[in-house]
Amino acid sequence: MDLITLTPAQKRARRGRNIALGLVLFGLVALFYVVTLVKFSNGLTH
Amino acid sequence: MTVIDTTGNLNDGDIRLSEASARDYWALLKPRVMSLVVFTAFAGMVLAPGEINPFIGFVAILCIAVGAGASGALNMWYDADIDAVMKRTATRPIPAGRITGQEALGFGLTLSAFSVCILGLVVGWFAAGFLAFTIFFYAVVYTMWLKRATPQNIVIGGAAGAFPPMIGWACVTGGVSIESVVLFLIIFLWTPAHFWALALFKMGEYGAVGVPMLPNVKGIPTTKVQILVYAVLTAVAGICPTLLGFASVGYGIVALALGLGFVWYSIKVQSMSETDEKMLPAKKLFAFSLVYLFAIFSALLADRAVLALLSAFGKGF
């Protein structure tokens with residue numbers, strides 16, 4: 001088993017990717033939630 | 001600190017610690033192309049008869065944008081070899097070494113699947129199928145086949161860039177119609193003049209990587225004539241919404257003026273000398289072509305907004 005220490009640039013890049021991915025996932029959750037509400041309300045009115 | 005298990009089948013060369021930023025992945029989506037796709041898909045959605053819930057419409061545009069971005073990532077994955085040679089594309093994430101080809105391929109395929117599935121589940125499977133076909137057409141038919149095989153590459157391949165307003169239309173109506181085909185034709189016929197203007201002043205770079213663009217294969221005089229022919233056809237397609245009755249005479253006048261401008265810039269290209277290294281007329285045509293497409297779809301949207309306002313006032317009285 002080898003241990004590799006990330007360089008500051010690699011750490012910074014990984015942190016940026018993680019934040020972006022987190023935001024995308026959060027956005028998808030919100031998106032699916034609102035889509036569900038819209039679809040349900042349409043189903044009730046029609 | 002990262003732990004790497006070297007007891008597996010990985011070799012040293014397989015281990016790579018990425019320095020790619022989120023911005024690099026964003027660049028893979030070709031955001032500038034994506035913005036044009038979003039705009040024309042939105043126009044198709046607004047112009048289509050019928051209604052769509054604004055939030056569902058937003059999701060549809062988002063899916064179309066992500067699908068377009070995914071095809072851009074697949075294009076960059078396949079074209080990394082020629083991108084590395086051309087000055088305009090050498091700084092893209094793959095040739096610059098910030099993202100590997102495999103990462104871009106996985107990214108593109110994942111986004112393609114997600115965008116198509118979400119569009120299908122939220123909006124409808126006809127529009128989703130159309131989006132899937134568009135991604136396939138751009139990534140496989142254009143990028144993998146036509147681009148390196150024929151000087152007519154961007155004529156046929158241009159269809160991929162012309163489909164978004166039809167997809168937007170299909171999101172509302174669930175199908176296609178003559179009006180959406182006209183929106184397709186405006187972009188489809190505009191693409192050759194737009195790209196060949198670029199190809200004229202980038203001839204050297206395209207020649208260096210062996211992409212058979214029309215100026216490199218058939219020569220500059222033939223390209224100039226073809227540019228003019230497609231500019232005239234684009235101008236005619238531009239006024240078709242008025243001729244077919246789904247846009248006003250006011251729009252028709254604006255479209256005619258824009259079309260004449262496009263033809264005029266194409267005529268200026270005819271008088272460009274073959275020894276002209278700066279190729280300013282071609283650069284001006286390229287710049288105007290971008291303005292033309294944005295303006296023609298803006299005019300269609302404005303026309304529809306004015307008609308809606310007049311209709312609302314008419315009902316009020």
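## Between the two domains of chain B

About 2800 Å² is buried between domain 1 of chain B and domain 2 of chain B, and carbon and sulfur atoms give 80% of that area. Three elements of chain B each give two or more residues to the side of domain 1 that touches domain 2: α2 (31-47), α7 (153-162) and α8 (164-173). Sorted by class, this side of domain 1 holds 20 nonpolar, seven polar and four charged residues. Please keep in mind as you read on that the model is predicted.

In terms of contacts, 31 residues of domain 1 of chain B meet 31 residues of domain 2 of chain B.

How many salt bridges are counted between domain 1 of chain B and domain 2 of chain B? The count is zero. Polar contacts do turn up here, with four residue pairs found across the interface of the two domains of chain B, both residues of each pair at pLDDT 80 or more.

## Where chain B meets chain A

Now to the other interface. Chain B puts 22 residues in contact with 21 residues of chain A. Together the two chains bury about 1900 Å², with 69% of this area on carbon and sulfur atoms.

Which elements of chain B each supply at least two residues to the side that touches chain A? They are β1 (2-4), α1 (22-28), α3 (54-78) and α5 (101-122) of chain B. The biggest giver is α3(B), with five residues. By class, the side of chain B that touches chain A consists of 15 nonpolar, five polar and two charged residues.

## Transmembrane annotation

An unreviewed UniProt entry lists residues 33-49, 55-78, 128-146, 250-267 and 288-313 of chain B under "transmembrane region".

For residues 33-49 of chain B, the end C-alpha atoms lie 26 Å apart, and the span is 88% helix and 0% strand. For residues 128-146 of chain B, the end C-alpha atoms are 24 Å apart, and the span is 100% helix and 0% strand.

Terms used
Residues are numbered from 1 along each chain as its sequence is written. Chains are lettered from A and ligands numbered from 1 in the order in which they are written. This is a predicted model: local features need pLDDT of at least 70, side-chain atom pairs count only at pLDDT 80 or more; totals for chains, interfaces and linings use all residues. Side-chain values use heavy atoms; hydrogens and water are left out. Contact means heavy atoms within 4.5 Å. Buried area is the accessible area (1.4 Å probe) that two parts lose on being put together, summed over both. A salt bridge is a side-chain nitrogen of Lys or Arg within 4 Å of a carboxyl oxygen of Asp or Glu. A polar contact is a pair of N or O atoms within 3.5 Å; within protein, one must be able to donate a hydrogen and the other to accept it, and residues adjacent in sequence count only if both atoms are side-chain atoms. Helices (H or I, at least four residues) and strands (E, at least two) are DSSP runs, numbered from the N terminus. Ala, Val, Leu, Ile, Met, Phe, Trp, Tyr, Cys and Pro count as nonpolar, Asp, Glu, Lys and Arg as charged, and the others, Gly among them, as polar. UniProt positions are given in the numbering used here, feature names are shortened, and annotations may be inferred rather than shown by experiment.
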